[in-house]
Amino acid sequence: MTQALDPRLVDRVRRRVIASGAAPTPGRVAAALREEGGGLRGDVADVVAQLSSEIVGTGPLAVLLADPAVTDVLVNAPGEVWVDRGQGLEPTEVRFADDAAVRRLAQRLAAGAGRRLDDAQPWVDARLPDGVRLHAVLPPLAPGGTCLSLRVPRRQVFSLAELVAAGTVPPEGAALLARLVRSRCPFLVTGGTGTGKTTLLSALLSLVDPAERVLLVEDASELRPSAPHVLRLEGRPPNVEGAGGVSLRDLVRQALRMRPDRLVVGEVRGAEVADLLAALNTGHEGGCGTLHANSAADVPARIEALGAAAGLARDALHSQLASALRIVVHLTRTGTVRRVAEVCVLWRGAEGLVTATPAWTWDGVAVDGAAGPAADRLAVLLA
């Protein structure tokens, strides 16, 4: 049975390890424990492992993050920890001693990512060295106690065939998406949070011709395409002094100078949309990315809002959008079921505004999808 650790002992050992200035290896943790006179019973190695986790790891959350099925770990309160294993949120038996323990963990993780989290800066959004995405909010902004959210990057890259087997897309839809990749037609994968946008885009990029050079631009490295010639550029948040930040917009500009065959923006959510549209209007075919949107029909308005933040006038934005992006692949999530709901063609109307017209739709029940009003336009684009 795992032995409960005295929080005061943990704090003393932590201080001793930090004061030594050396790397907090298990051996040094064990030495600090002996120097603190920690009375041990049972398996010493188990106690040292617990201490190491408390001092430099993710504490009580380590066992959850080690589960390969876990995609999200959410701490709402010391006694309320939830996980998502792909079947929706479920409570766990993991508990913290008190809110101070949750706060210490959140601050330690933030510090490990080079970020500040305290009363003067009561929230943080950062990526940990192992790729886990961290978000935390301290009281009084979170009146119920420190809130901690950890999103685990996908460890497995699914093929398009595996997504068909999982019911994410029907065989006919998979063939359509494969044609989309081969056509080098620029597209966006859209949907709400947790609908599987990154998973689908990774699967589609795995179909890219091995001879093509793919440039991935992301805030946090999440895309994992099985392609031989992939280069990654990753953004960097400002340090604790507020300096040294590198935005996606900066990285998109750098990527254009690296001779990409395909430029991929992991998630379009800011002013980088202006540079992406400009790039796709200057001969960079096959570009793609993901975008949060409630529906495919909302995509033009969503891009318009992002373009306004980048200083693009509405007319200029729609002119660029009309010639830069052609297709939207939209995903939905109902309960635990994630699926491709529709493929739409972006088309500029007589008023000069771009709209998304369905070319293929799937309700998740029928064996195959149904053709939409823009099916003929889609066929021409993919020819």
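Predicted model: local features only at pLDDT ≥ 70, side-chain atom pairs only at ≥ 80, totals over all residues.
Residues are numbered from 1 along each chain as its sequence is written, and side-chain values use heavy atoms, with hydrogens and water left out.

The largest cavity has a volume of about 50 Å³, and its lining, meaning residues with an atom within 4 Å of a point, consists of R154, Q156, V157, F158, T198, T199, S202, E222 and R224. By class that lining has 2 nonpolar, 4 polar and 3 charged residues, where Ala, Val, Leu, Ile, Met, Phe, Trp, Tyr, Cys and Pro count as nonpolar, Asp, Glu, Lys and Arg as charged, and the others, Gly among them, as polar.

Now to open space, where a pocket is an open set of points with protein on both sides within 12 Å along at least five of seven lines. The largest pocket holds about 1400 Å³ of space, and of the 50 residues that line it, R151, R154, G194, G196 and T199 are the closest to its centre. Which element gives the largest share of that lining? It is α8, with 4 residues; helices (H or I, at least four residues) and strands (E, at least two) are DSSP runs, numbered from the N terminus. Among the elements that each supply at least two lining residues are β1 (72-77), β5 (133-137), α8 (197-205) and β13 (337-348). The lining of this pocket divides into 16 nonpolar, 18 polar and 16 charged residues.

Next, helix packing, for which axes are lines fitted to C-alpha atoms, for helices over the stretch in contact, and angles run from 0 to 180 degrees between N-to-C directions. The axes of α10 (residues 272-280) and α12 (residues 314-324) come within 8 Å and cross at roughly 50°, which makes α10 oblique to α12; angles under 35 degrees count as roughly parallel, over 145 as roughly antiparallel, 65 to 115 as roughly perpendicular and the rest as oblique. L277, A278 and L280 of α10 make the contact (heavy atoms within 4.5 Å) with L317, Q320, L321, S323 and A324 of α12, giving 6 nonpolar, 2 polar and no charged residues.

Helix α9 (residues 248-255) packs on α10 at an angle of about 20°, with the axes 8 Å apart, so α9 is roughly parallel to α10. Here L248, R249, V252 and R253 of α9 meet E272, A274, D275 and L276 of α10, and by class this contact has 4 nonpolar, no polar and 4 charged residues.

Finally, the backbone. Most residues other than glycine have a negative phi, and most peptide bonds are trans. A cis peptide bond, with omega of about 5°, joins P139 and P140, and P140 lies in the loop between β5 and β6. R184, in the loop between α7 and β7 (187-191), has a positive phi, near 60°.

How values were computed
1 Å grid on protein atoms, 1.4 Å probe; cavity = no way out; pocket = protein on both sides within 12 Å on 5 of 7 lines; lining within 4 Å. Points joined across faces, edges and corners; volume = space filled by probe spheres on them.
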